[in-house]
Amino acid sequence: MPPSIVYPYLGNLYINLTNRCPVSCSFCVKSSWKLSYRGHDLRLRRDPQPSDVIEALGDIKKYRELVFCGFGESTYRLDELKAVARAARERGSPPIRLNTIGLANLIHQRDVVPELAGLVDTVSVSLNTADPAQWRELHRPLKVYAERGFAAAQEFVKSSSRMLPRAVVTAVDLPGIDVARLEDLAKDLGASFRLRPRLAEAPETA
Ligand code: SF4
């Protein structure tokens, strides 16, 4: 079976742009699930070109949402993400969401959110904690992102809440997380909040 660069799930169409991550989240199932997600093989032999993805989109109007989310950080491929989102818009796309760890501004060394305006409707940032030390423990970022990652992810949320229709902070339901504090932080950043079940235990969540 060829790897899926797009895959339908619970009424949405997900776009798998890369397997690369700037973090190695302690709760990640990427390795234990062998890069397979609910029957879809997400192990990319190479990062797909926008033309490959656009061709694979098919009839996007039948989905509730188009979501950039695979076993990897889509914003590593910012230009490709924008090209795909633009093409999807031209085809009458449903709302477009980006699921991210929130480090795009550090990765690209600029605020990239203005570039997403008009292309992405919702940014969903997996922040998981309001505590900087716990953020590092949970996400095990690459060294280059360890010191400034937590602050950068918050700035990304704040910028998204100002520039885009919707920003959401999410947390995986893990022991030891102060959910109330994180909810308050999300509010301060202008975002809504969503607690997600652990993927390893979740029956099915979008
Ligand atoms: S960002 Fe996603 S795919 Fe990457 S390590 Fe974290 S949970 Fe896994």
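Predicted model: local features only at pLDDT ≥ 70, side-chain atom pairs only at ≥ 80, totals over all residues.

Analyst: Let us begin with a helix on a sheet. Helix α8 (residues 179-188) lies across β8 and β9 and runs at about 145 degrees to β9. Helices (H or I, at least four residues) and strands (E, at least two) are DSSP runs numbered from the N terminus. Axes are lines fitted to C-alpha atoms, for helices over the stretch in contact, and angles run from 0 to 180 degrees between N-to-C directions. Two residues are in contact if their C-beta atoms, placed from the backbone, lie within 7 Å.

User: In what order do the strands of the open sheet stand?

Analyst: Two strands pair if DSSP finds at least two bridges between them. Here seven strands form an open sheet in the order β1-β2-β5-β6-β7-β8-β9, with mixed pairing. The edges are β1 (6-9) and β9 (192-196); each has a single partner strand, so one side of each is left without a neighbour in the sheet. From one strand to the next, the twist averages 25 degrees.

User: How many bridges join β7 to strand β8?

Analyst: Five bridges join β7 to β8 (residues 166-172), and the two run parallel. With strand β6 (residues 96-100), β7 pairs in the parallel sense over four bridges. R97 has T122 of β7 as its bridge partner, and L98 has V123.

User: Is β7 enclosed or open?

Analyst: A residue is buried if 20 or more other C-beta atoms lie within 10 Å of its own, exposed if 12 or fewer, and partly exposed in between; C-beta atoms are placed from the backbone. Four of the five residues of β7 (residues 122-126) are buried, so the strand is largely enclosed by the rest of the structure. Of the 206 residues of the chain, 37% count as buried.

User: Where is Q154 placed?

Analyst: Q154 is in helix α7 (residues 149-163). Q154 counts as buried because it has 22 C-beta neighbours inside 10 Å. Q154 and L127 are 27 residues apart in sequence and 8.0 Å apart in space, C-alpha to C-alpha.

User: How do β1 and strand β2 pair, in the parallel or the antiparallel sense?

Analyst: β1 and β2 (residues 12-15) pair in the antiparallel sense over four bridges. P8 stands opposite L13 in β2. The two strands form a hairpin with two residues between them, and L10 in the turn has a positive phi of about 45 degrees.

User: At what angle do the axes of helix α1 and helix α2 cross?

Analyst: The axes of α1 (residues 50-57) and α2 (residues 78-90) cross at roughly 30 degrees and come within 9 Å. The contact is made by P50, V53, I54 and L57 of α1 with E80, A83, V84, A87 and A88 of α2.

User: What does the chain's secondary structure come to?

Analyst: The chain has eight helices and nine strands. Its C-alpha atoms fill a box of roughly 40 × 35 × 30 Å, taken along the principal axes.

Key
Residues numbered from 1 in each chain as written.
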